[in-house]
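This briefing covers the interface of two chains and the surroundings of one residue. The structure comes first, then the points by topic.

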Amino acid sequence: MRKRLSLTNLAAGLVMFLVLWQVLAWVVNRPILPPPTVVLPVFVKLLPGVLGRHTLASAGRVLAATGAAALLATPIGLGLGQMRALDRIFSPLIAIVYPIPKIVLLPVIYVLFGISNFSKIFLIALILFFQVLVVVRDQAANLRPELIFSVRSLGAGRRALFRFVYLPASLPAVLTALRVSVGTAIAVLFIAEQSLTEWGLGYYIVVRTYQVLRYPEMYAGILAMSLLGLGLYFILDFAERRVNPHLYVEEG
Amino acid sequence: MIDVDDLTFVYGKHTPVFEGFNWHVETGEAWAVIGPSGCGKTTLLVLLTGLRHPSGGSIRIAGEPVTRPRPETGLILQDHGLLPWATIRENARLGLKIREFYGPDGRHAPRGERLSRAAAEERVQRWLERLGIAGLAQKYPQQVSGGQRQRTAIARTLALEPDLLLMDEPFSALDAPTREDLQELTVELQHETGLTMVIVTHNIEEAVYLGRKILVLHEPPNREAHIVENPGAGQPGYRNSAAYLQQIETVRGLLGGRA
């Protein structure tokens, strides 16, 4: 049974985080670490304007990449998981490609797809694709043949098996894979957005604020990026619970 | 109900499991199939389901040659095969949902059967109650006992109102008291529904308790059906009678004292 982060815990964590930040700011006492009392008003002021537009640009890229990765990797993962012969052919390749830090391919992607939004989305989707692919494949391979056999005995053909077994079995795996890789996705987004774009939090944090020493604004950007990651994490976590309630019940 | 005529079945280049084998089951009969490991009892059941096909001869159920799984045949396996992410009620309803998904196409669901959603719910509820698991309807399989999971699998199959029930070692994974409970339940259900039933087991006591006729299989190739008439099966108190013990000895003798 997995623990659920309660609202009280969330509030407690937030308070502790802000207190720690404030104390650190006092101790360090340099412009590079402004206290939350300075940053939060800036954040609130900028969010409806320029910061909001950068945040939306970043969020749009992550969401597009997440959707594309899930839609492509799920069917392929299901196919590999259920067709042993196919999996035997491709699993060595996947094993080698999976751990490659895809960010190193960024220049290649720029050359191939141009300096565009698509290149950045492609890079993030590539990372998420392998995460989802591997988890869904393993999940589908773990479906016991006895389970498939007995559902077939109830009259299920290929279509019903997909609808009643494979889809519900893999959806939670997709969400889990996305949830655990959302941090990596945001990190890569940050790097990819530092150049060759005019919109996005990576660009805002590095080019528009850090390089011109606007530290409170920079922290507002960092805060926005953190909230983006946190928000995605909680949405995926919530969705996971909705599709997977049996993992959150007491064992009988 | 079941007509197996001149059946031959071979896996690859091995010794045939069946060779010119004949066997007939009448409607409403309760059969047990017993034999040592590798005798072909599960193979026979799989052939009856239509998931494998004879190498020679024919198998007909209700007069029709079996070429693919029949929607009117119910199957219960040792592994309950419940969906872990679905509640007991959702699992019990799965077969009816699959039928609704395809509609009465005669392939995946019997032709002509249209069940309203309310009627399906009502039928599932009735079987949950009959099997004593209605109180667990909102639980997930991992939250209930092995016996209750197998009861759910039985409810799921019986909710489809099959005319033939095939069972492959359905109670072998359960502890002894639970196993006896479910054996008694099986006898009751067979009485109530008049269902034709074939249970495959390696357990002599189970075969003698449940099968009013017992088909004894041997090391392949099986050419002849050795049948033990066992009219006492299903009578109250049979498990404690001298006739029961006598029949167990008979079957053990036929199996060569090995099984």
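One salt bridge (a side-chain nitrogen of Lys or Arg within 4 Å of a carboxyl oxygen of Asp or Glu) is found across the interface of chain B and chain A. This is a predicted model, in which local features need pLDDT of at least 70 and side-chain atom pairs count only at pLDDT 80 or more, while totals for chains, interfaces and linings use all residues. Residues are numbered from 1 along each chain as its sequence is written, chains are lettered from A and ligands numbered from 1 in the order in which they are written, and side-chain values use heavy atoms, with hydrogens and water left out.

**Interface**
- Arg144(A) and Asp79(B) form a salt bridge through their side chains, at 2.3 Å from N to O.
- Contact (heavy atoms within 4.5 Å) involves 27 residues from chain A and 24 residues from chain B.
- About 2,500 Å² is buried between the chains, with 66% from carbon and sulfur atoms; buried area is the accessible area (1.4 Å probe) that two parts lose on being put together, summed over both.
- On the chain B side, Trp85(B), Phe101(B) and Gln142(B) lose the most area to chain A, together 27% of what that side buries.

**Asn222(B)**
- Asn222(B) counts as buried because its relative accessibility is 2%, where buried means under 20% relative accessible area, exposed over 50% and partly exposed in between (1.4 Å probe, protein chains only).
- Leaving aside neighbours within four places in sequence, Asn222(B) contacts Val17(B), Phe18(B), Glu19(B), Phe21(B), Cys39(B) and Leu217(B).
- The Asn222(B) side chain reaches the backbone oxygen of Cys39(B) at 2.9 Å.

Note on methods. A polar contact is a pair of N or O atoms within 3.5 Å; within protein, one must be able to donate a hydrogen and the other to accept it, and residues adjacent in sequence count only if both atoms are side-chain atoms.
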